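Thanks for making time this morning. Please have the sequence and the model open while I talk.

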Amino acid sequence: MNETAITVHQTARPHGFPTAKHFAFVESTLPDPAVGSALVENLYWSVDPYHREMMDDVPGGFALDAPLEGRAIGRVIASRTPRLAEGEIVFHRQGWRTHAVVTPEEIRRLPRFDGVPLTAYLSILGGTGLTAYVGLTRIARFQEGEDLFVSAAAGGVGTATGRFARLLGAGRLTGSAGSTEKADHLTREVGYDAVFDYHDGSAADLLGKVAPDGIDVFVDNVGGEQLAAAVGALRAFGRIVRIGTISQYNTPGTPPPRFNYADIVEKSLRMEGFLVSNYRAVQEELYEFAVPHLQSGRLGLDETVVDGFEHIVDAFLGMLRGRNTGKIIVRNRTHTPFAQAEEGSVPCSIRANSPWDADRSGRTGHVTQ
């Protein structure tokens, strides 16, 4: 057993885009679990956009010079409680560290479904997929045949939203992304009908071209100009699902979007945001919906897998720059043989970019971990 534990700390508040200088890797002696707790060695870590918001001096934000939290999956390697057996695989939120001491109340046991890899519990079956599923079924109250527009469609929530919407019977499915390559992936693999690169011009003009007849639902991960464009494109009784504001995470001085507020009244539009933490009771429903489609191959995984905990900050910064496609996950490279034994053969798109040590082919195929 490795006798050293490593945690990631935030050392300063960023102004604009964070850099590697805002973080530190801190080594310590491997923690000894107290009575009633267990020691977990982490196998997979989630890198999420909300971490950028938490870096600012906001209520509930990250404390400086302290280990960062986040979603993780690990294996119990030492236990001092009968409620957690050594060898168990658990989910917890003490994420950005190689090892975590947890109590039974702080973990969630993951159901194991044939052919479903562990990474899925941080992507399509985790908080990312739950956000997409709740956004469609609870907030938008999405109906079969409706036309949908998704901003940041190539991200974790965007790809999950597109795949779920297609399974739910979406009509025309359109999105925005940050490159032609991502747009091609979304139309070729995820099921989008049309996707525009938001760098190519006015969001209103670009959306008008891919959705000339308007939209019924807008799932918004971006805010800003794309939110304004969607308000104009929505039909009567349209709905806006507000999930995030990526366009302003690193540019807090950006003015809010300008749109015709009369449209909200005259078209009877509804805009609603939500926190996925308020919908944890929907988790089992998500499993019931998604797992059979994963097992049949109708639902694929969109994941950027990065090898090595030492690259977790690089992965986070790369995500903020849009270098990932789908959900970005960091994998403990020292447990590759164990991971191979656990993984299934669900269709998956794995992408990565230098300097991340992972498969760079960008191909769609089977998980090979």
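Predicted model: local features only at pLDDT ≥ 70, side-chain atom pairs only at ≥ 80, totals over all residues.

Residues are numbered from 1 along each chain as its sequence is written, and side-chain values use heavy atoms, with hydrogens and water left out.

A search of the whole structure gives one cavity of 30 Å³ or more, a cavity being a set of points on a 1 Å grid over the protein atoms alone where a 1.4 Å probe fits but cannot get out. The largest cavity has a volume of about 50 Å³, volume being the space filled by probe spheres set on the points. Its lining, meaning residues with an atom within 4 Å of a point, includes Ser123, Thr159, Asp302 and Lys327. Helix α3 (156-167) and strand β14 (301-307) each supply at least two lining residues, helices being DSSP runs of H or I of at least four residues and strands runs of E of at least two.

In helix α4 (residues 180-190), Lys182, Ala183, His185, Leu186 and Val190 are buried. Seen down the axis of α4, these fall within an arc of 160 degrees, taken from the directions from the helix axis to the C-beta atoms, so they line one face of the helix. On the other side of α4, Thr180 and Arg188 are exposed, that is, over 50%.

Terms used: 1 Å grid on protein atoms, 1.4 Å probe; cavity = no way out; pocket = protein on both sides within 12 Å on 5 of 7 lines; lining within 4 Å. Buried < 20%, exposed > 50% of the residue type's maximum accessible area, 1.4 Å probe, protein only.
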